[in-house]
Structures are given as structure tokens and as C-alpha cells.
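Here is a brief report on charged side-chain pairs.

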Amino acid sequence: MGLNSTKSSLTNAEYSLTLSSPNDFYRSLSTIQGEFHLNVRKKLRIEKEIRVDLIGQLIENKRYASRSKKNSSQINNNDNIFLTYSCQLITSHENGTARTIKQQEVVYPFRIPLGSNLPPSCEFKEFSISYYLEIYHDGRLLPNTHRQITLAPPAPLITVPLPCKVTGSNDVTMICSLQKSFYSGRDCPIVPITVSITNPKQKQIKAVTAQLMQTVSLDGIKRENEIFTAVLNEIAENTKENEVYAKCEIVLPANLFPTYVPNQSGQPDNIPSVAITYEFRMTAQMKGATTPNIRLSVPIGIE
């Protein structure tokens, strides 16, 4: 299984692993395809097999794990491997005798199908989910074959987001809406937000803020992380206008992990249940009062 530090004695061959995907990530229900290149300089003896393993691993830090696994005082990385999918590349002869490959260059293609409920690759201070490929010769790990694999959530649905509305004290009503149903987490995308405020009593609106919150859960344990809080400068400070309308722009930080909500009904017991969501919490800060938060869901993709 993964993280086996025992080295293979495959010293009379050169080998490498290549992947054929044009992307640097894979989605659920897709297939990891690649080739194992082998250059045997003299001869290679195979008692059992040469195989490629796809390994999925959950790593929790001790502090977080003590909350979710109260009976565990120490984390063993091998115990946190939740997926091992083995794909044979070369096997011994059918009668169980060793196979000998003499001097030659050969390429072995492989295909590894991905299921529908694998959590995406992610890394937080409390835990991380990682996937990688490793090559084994007769049960021993081949050096320098460790290849990191990024798993991404399914492609986000393209929809028209509905506006959100809230009415607070002094009859102040705020309506906010987004233009797109998802945004890329790989670059620094600009998120346009339309803000409409009705202020019938012309109370002083000191500022309007947008707080980006990230909610992450592992096996039902949730926590919230504040990514940033921004003041919408497109709306004048200390305004007392009866009607305020503005098209605002917020820049997201790069490399946000994509939104992911698992299908709990089809979640195998050994697969960690991970959820990642984002939302803007829009607030009009008024003199002597504050409107309740408007919560705008902000789906993040990996595109």
C-alpha cells in the first residue's frame, strides 16, 4: 500500500511515468490515463507484478483530529489512506513462474477510472486531502515514481443567480445580486455585485461591506474562515440618499479551493465527507444601526 519506503532492486532498467491528460486536474467519473516507460538495459525479473497505484490520503493535524477521533492520541499517516486503486502493468506468467524481460524498450499504457464521490484535493490548516500515483515492482516502491494528482469537483452548473433581499431597522431594504453562477479560483477574478438600497427615512449609511466567508467541514465538523472584508468604495460614505444603486467590483484572491458539496446518499463509509462553500455577507453599516447580513453564495470553480 502507499507510502511503503522499501525500495525495489530494479537496478538494470530505466523507467518513467507520463500522463496523457491535457489538463493538470481530473474530475469525478473521468479516467486517469498514462504510460509507464521501461528501458531494460540487461534483464528484468518479475516474480509477481509491476503495478501503478492511485492513492488517496487524508491527513489531519493532531489538534483537529483530537476533536473528531477522541480515542486516537497520535496520527499515523498510513492509517489515513482511504483509497488504493491498483492497476497491473506487467505480471508474471500465468503458471506463477517469474517473467524475465531482456534488453528492450517497452511502453505500458494504463487507465484508472475515478468514482463519483471522491473528495477534491485540498489543503487547510486542519486537514488535507491528497492523491498521488506510485509504481511498485514485486511489492516494492520504485524510487522517483511519486506523482501528485489533483482531483477537482464536477463542472459547476451554469445558472442565473437570484438576487437576495433583506429589510433591517428604519425600513432600510438592501438587494444584492451576482452576474455569474461560478468564478474561477485559479486567478484573481473580478466579481461584479449589484447593490440596491432603499432608505425611506434617509438615515445615514456609513459604509457597505462585503465579507467573504469560507465554510469547510470534515465528517460533519464545520468551521468558518474569513477570507477578507472589503468596503464597497463605489457607494459613497455617510450617504443619506433615499435610493442608492451601485455596480461594485470585488477581486477574489487566487488559488481558492473549489466549492464542493458531496452527495451524502452515495458516500461510502471509508471515504471522508468533505464540503467546501463560499458566501459574501453583505452589510450596510448605518449610524446607530446595522442591517442584517445578506448571504450571497459564491461558487468557486477550478476552471
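## Salt bridges in the predicted model

This is a predicted model. Its salt bridges come to ten in total.

| Salt bridge | N to O distance |
|---|---|
| R45 and E47 | 2.5 Å |
| R281 and E224 | 2.7 Å |
| D171 and K201 | 3.8 Å |

Take the loop pair. D171 and K201 join through their side chains at 3.8 Å, N to O. D171 sits in the loop between β12 (164-167) and β13 (173-178), and K201 in the loop between β15 (190-198) and β16 (205-218), so their contact ties together parts 30 residues apart in sequence. D171 is partly exposed, at 44% relative accessibility. K201 is partly exposed too, at 47%.

Next comes a strand pair. R281 and E224 form a salt bridge at 2.7 Å, N to O. R281 belongs to strand β19 (residues 274-286) and E224 to strand β17 (residues 221-231), so this bridge links parts 57 residues apart in sequence. Is R281 buried or exposed? R281 is buried, because its relative accessibility of 8% falls under the 20% cut-off. E224 is partly exposed, at 44%.

This pair also has partners. A network of salt bridges links E224, E279, R281 and R295.

R45 and E47 make a further bridge, at 2.5 Å from N to O. E47 is partly exposed, with a relative accessible area of 39%.

One general point applies to such contacts. Oppositely charged side chains can pair when their charged atoms come close.

Terms used: Residues numbered from 1 in each chain as written. Predicted model: local features only at pLDDT ≥ 70, side-chain atom pairs only at ≥ 80, totals over all residues. Heavy atoms only, no water. Salt bridge = Lys/Arg side-chain N within 4 Å of Asp/Glu carboxyl O. Buried < 20%, exposed > 50% of the residue type's maximum accessible area, 1.4 Å probe, protein only. Helix = DSSP H or I, 4+ residues; strand = E, 2+ residues; numbered from the N terminus.
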